[in-house]
Amino acid sequence: MTDVPQGSPGKMPAELGSDGPVLRSFAFAAALSADREAIGRLRRGLVDLLRASGLGHLADDFALGAQELMANAVVHGCRRVHDGTIAASVRCDGQRIRFEVQDPSDEQPRVRAAADEEMSGRGMLIVEAFADRWGVEAPSDGTGKSVWMEMFCTPASGREAA
């Protein structure tokens with residue numbers, strides 16, 4: 001995981017081909033403090049990055065799923081840690097875009113049906129609804145977990161978002 005300044009991941013514009021934008025591969029990683037403010041900054045940066053990379057048509061759905069994974073990491077994965085940090089990464093190989101977040105907890109996320117009156121508990125339902133695939137892995141250092149989601153990232157057909 002590469003440490004980068006907090007804020008926007010930057011922009012990587014898509015090249016224009018004869019049929020519209022051509023997707024570029026990209027990768028971005030950040031270590032973030034486990035607080036809710038960091039989630040909003042990274043979500044906005046993801047939207048900007050995807051739009052600039054020719055994936056504007058996926059930006060809002062992808063960022064919403066990523067936001068839910070980050071919120072789970074902050075709220076559940078770091079709740080027993082006083083000085084928590086989460087690691088987040090996104091990478092696109094031109095075919096799939098993957099978001100991954102690592103936290104210090106071994107507690108596994110689960111999809112559950114929240115009652116109508118509950119104010120939380122729907123995060124993994126949202127991830128499941130938008131992602132083509134998602135899962136959980138043990139990191140190589142053996143501590144905590146890494147939760148990821150993937151979406152297919154084919155270019156938009158004639159309707160690329162700005």
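Modeller: Let's start with strand pairing: two strands pair if DSSP finds at least two bridges between them. Keep in mind that this is a predicted model.

Biologist: Which other strand pairs with β7 in the antiparallel sense?

Modeller: That's strand β6, residues 133-137, which pairs with β7 over 5 bridges. There, G135 has W148 in β7 as its bridge partner.

Biologist: How many of the residues in β7 are buried?

Modeller: 7 of the 8, so the strand is mostly covered, with buried meaning under 20% relative accessible area.

Biologist: How should I read confidence, and where is it lowest and highest in the protein?

Modeller: Think of pLDDT as the predictor's confidence in each residue, from 0 to 100. Here strand β7 (residues 145-152) comes out highest, at a mean of 94, while strand β1 (residues 15-17) is lowest, at 43. Residues 1-20 have pLDDT below 50, and that stretch has 42 contacts in the model beyond near neighbours in sequence. Residues 158-162 are also below 50, with 10 such contacts. For the protein, the mean pLDDT is 77, and 71% of the residues reach 70 or more.

Biologist: Now a single residue. Is E100 buried or exposed?

Modeller: The general idea is to compare relative accessibility with the cut-off for buried, under 20%. E100 is at 17%, so it counts as buried. You'll find E100 in strand β5, residues 96-103.

Biologist: What does the side chain of E100 make a polar contact with?

Modeller: With the side chain of R98, at 3.3 Å. As a general point, side chains in a regular strand alternate between the two faces of the sheet. Leaving out residues up to four places away in sequence, E100 also touches several others, among them A87, R91, S146 and W148.

Biologist: Where in the chain are F62 and F99?

Modeller: F62 belongs to helix α2 (residues 56-77) and F99 to strand β5, 37 residues apart, so the pair links distant parts of the chain. Both F62 and F99 are buried.

Methods:
Residues are numbered from 1 along each chain as its sequence is written. This is a predicted model: local features need pLDDT of at least 70, side-chain atom pairs count only at pLDDT 80 or more; totals for chains, interfaces and linings use all residues. Side-chain values use heavy atoms; hydrogens and water are left out. Helices (H or I, at least four residues) and strands (E, at least two) are DSSP runs, numbered from the N terminus. Contact means heavy atoms within 4.5 Å. Buried means under 20% relative accessible area, exposed over 50%, partly exposed in between (1.4 Å probe, protein chains only). A polar contact is a pair of N or O atoms within 3.5 Å; within protein, one must be able to donate a hydrogen and the other to accept it, and residues adjacent in sequence count only if both atoms are side-chain atoms. Rings of Phe, Tyr and Trp (its six-membered ring) pair if their centres lie within 6.5 Å; planes under 30 degrees apart count as stacked, over 60 as edge-to-face and the rest as tilted.
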